[in-house]
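Colleague: I would like a close look at one part of this model. Please keep to the charged side chains.

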Amino acid sequence: MNISDKYFMEGETGLSSFHGTEPSAGYKSAGRETVRTGDIPFREAGESGGDKSLVGLHNISEERLLKALRLGGFANPSAAVIDISRQTHEGYGEISLVLPASMIDRHSGRNAGTWSQDAWTPVYPQIERQFGGTGGDRASGDIMSVPEEMRNETRRGINSWMDGRSADRLAYLYLHEQGKAPGLVRREARYPESLHKVVRDIMGDNSVLDDVSAGKRSELLGLYIRENFSGDRTAYGKELQRKMIRLEEKIGSRANPDSLVVRRARERLDTLRETGYDYRELADFTENVLNDAVHAGSADDAGTTLKAREYIEMNGLQKDFDRWLDGLNERYEVKEVIFDGFTTSGMRKYIPNTLENASRFMTRLGRNAATGLGVSFSNFAAGMLKAHGSLEGIRREKGKLTTSQEDVDAFRDKWSDVFFDLGMKLQPDATGYDDYGLARLMEAAQSGNPKKYVKREYGIDFSDTDVARLREMIGAIRNEYPAMYFETKFERPVYLEEFAAAVVPEGTSPRITGAMDKAGLKVFTYNEGDRDSRNGALKRACDVKGVRFRLTGSREAEHGWDVSLSGDDRMAALSEYASSLAEKRHIPVRIIRSINEVGSPGIRDRILGGKDIRGWYDITSDHICLYLPAARGKEDIERTLLHEGVAHYGLRKLAGDGHMDTFLDDVYTGCDGRTRNGIDRLVGTGMDIRTATEEYLARMAEDGTDLSLWDRISNVFRKLLRNLGFTVDIDGRELRGMLAASSANLRRMAVVTVPERILTAKGGLELSPGYVHALLREKGGETDVTSLLARMREAGIDPASLDGDRWKAVFSGKGMTLPDGRTLMAVKEPAGYGIRISGMDARSLKTAEMEI
């Protein structure tokens, strides 16, 4: 990630409380601390920290916070967790938003967890802007309004801003509209005109050194030595020799002769020896002279822009410039969009830049180690970290927090050498600047069995010593890695009113302080640019009640139920929750409140024997049984229903076709190229894209595909769970296990031999594979008799145990005799068909008769 405001927010909102807010008359300044005296009270202040010194902060700039207010909230922000008793956190923005401790806890804060290091989590997607209405014409008019020499620079600036990149090139247009634009900067010649002419004559129509002969390069080298060494070839030779010595020392100082650094140094050294000159320096010299010949004396638009930027900074106009940029959205009637991949025809695809869309987009990208260009040691380390969910778990890691950046750098230096050394061993055929072995090392470390994975995927022998070094490095990362802060990541929108306090500089926009006022935040101000003033205000803000971490002191509170409830009330609350969730997802469930209600002697004995059993699937009744006395809270209820439901009914039945199809679409869109190719091959066999994705997931689950891929899929699965009403967190390993069990069970069910159609005295009986459904076709129509199968199971009779003749007997009017002497018979009733089991006592018989 890097805990920076720049990743979190862009866009518009319709929340009126965030618009046009002016400071109310009901507040006064008390020293550096702003205290409101109006009608709406602040959260109570004055909590004593004691040993509770961990706090969560989200730092942000005024510009980004204004955008967040327009958007309506913060899309999947990160928070830095620090030890306020000895640490500060000043980077990434002049405003600090202080979170209550409950927001850092994974369950109560509904976050993805806290990592004991910068976790490189997803960042806000790049925003592109599109002109609306007459916005394009107005932009063209702005370009034409500046001097001709600055029009291309202004055009590039507008394009850059529209693409969501830097707006620095618009500094000149801003000052031009204020009547304060600087004079045009002219490029001064760096080289004499005579040198321009000689180099142009040597190069002819060529523009790069590669395109000219060795003889002409020799002429250019002579010019280079004349300009930089006063024509002294001996001095140039000595400088070249010093370069080669430095390169040799670099090569000799590295433990791994095949490392990326050594290979690059060796290639440059070989070039110097082969050519007798520094090719790279000569190429730069030639290009600089040619460019100087073209541009000397002309207007320097980049230099003029730099002068405009300096004027803005020196005259304190940055905030006004930011507000002017913000106003371009309205001037150009801008629509903000997020790039969301390509269509099947290769066209770019966009979605509106809304809070919800941005949040979903970021969630789809993954969690720790989801960002970064290539694989660095820091990125690799983030991928090895495990997230903590409870405040207690985070506090156990408190000792890793440090105030010394030197300690962090020393750890990285020590293990970076091991990281690069192992990575280079995974690319034995590499040349030049290749570093793909580092990505392979990340895959191997996440696979569970690095040696086996590397051999299977790449045909490389990873020695036991290498595996031991890898595991030692991972252990050090997880247990010893010092941190300047921990990172808490949210995978949902977070709203301003969820924060407890804010620390802002004097002079902050009234729109921001007004929004904080309405949201109920306690606001502390400091003198801008005064570090001590800011830290003092932050410490006071962290004394607001509920900010510093407080432990729950019980595991029950970590599992989602109110510890203040009595035993009976707790049981009733869990029962109601389980029944409601099961009903929504069409899961047949039986709630068991005491050991006496457990029907299976085997399960009862295991519970009485001390086994921790919270639920199971009952084959006879085709129900999931929830044993509430062992459930620690809602999380256990959800996990049991999810595991047993997916395993025995399949994910599609639980989710429903709509949710399932969306899940499969998200999986296909977000998977890597190799996985998508595998799905596409199944499509080639005649399957549609969703069926192929579902089938490929089942195969991957059974084949044990590497966990790194399952972690990406689990991010999409978490989105599905939230849509289904589940709040439990499922990782890649757990999801793979569930889908593997589901695939195996459903396939076993499908291969059970079932008569396609049985001609009975009452009509044609049709039974589906696995005895899931039953249909009786009569002359007057058809009757769904699926519940007949359920009633048989409740009576201890497996429908699969009946062959065609026995099914005929059931519907014959005489019935069939069961092994225990009872008679099973289907009976026509006024409301349909009932089933009767005779040979019991009267009370049992009464309960056995039921309508279908």
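Which side chains meet in a salt bridge with 3.5 Å from N to O?

Modeller: A caution to begin: the model is predicted. The side chains of R690 and D661 form that salt bridge, at 3.5 Å, N to O. This pair ties distant parts of the chain together. R690 is partly exposed, because its relative accessibility is 33%. D661 counts as buried at 18%, since the cut-off for buried is under 20%.

R690 and D661 also belong to a network.

Now two other pairs for context. The whole structure holds 41 salt bridges. One of them pairs E313 with R309 at 3.4 Å, N to O. These two are four residues apart in helix α12 (residues 301–314), so about one helical turn separates them. E313 is exposed at 53% relative accessible area, whereas R309 is buried at 12%.

The other pair is R777 with E766, whose closest N and O atoms are 2.8 Å apart. It links distant parts of the chain, with R777 in strand β20 (residues 774–778) and E766 in strand β19 (residues 763–767), eleven residues apart. R777 is partly exposed at 31%. E766 is partly exposed too, at 21%.

How values were computed
Residues are numbered from 1 along each chain as its sequence is written. This is a predicted model: local features need pLDDT of at least 70, side-chain atom pairs count only at pLDDT 80 or more; totals for chains, interfaces and linings use all residues. Side-chain values use heavy atoms; hydrogens and water are left out. A salt bridge is a side-chain nitrogen of Lys or Arg within 4 Å of a carboxyl oxygen of Asp or Glu. Buried means under 20% relative accessible area, exposed over 50%, partly exposed in between (1.4 Å probe, protein chains only).
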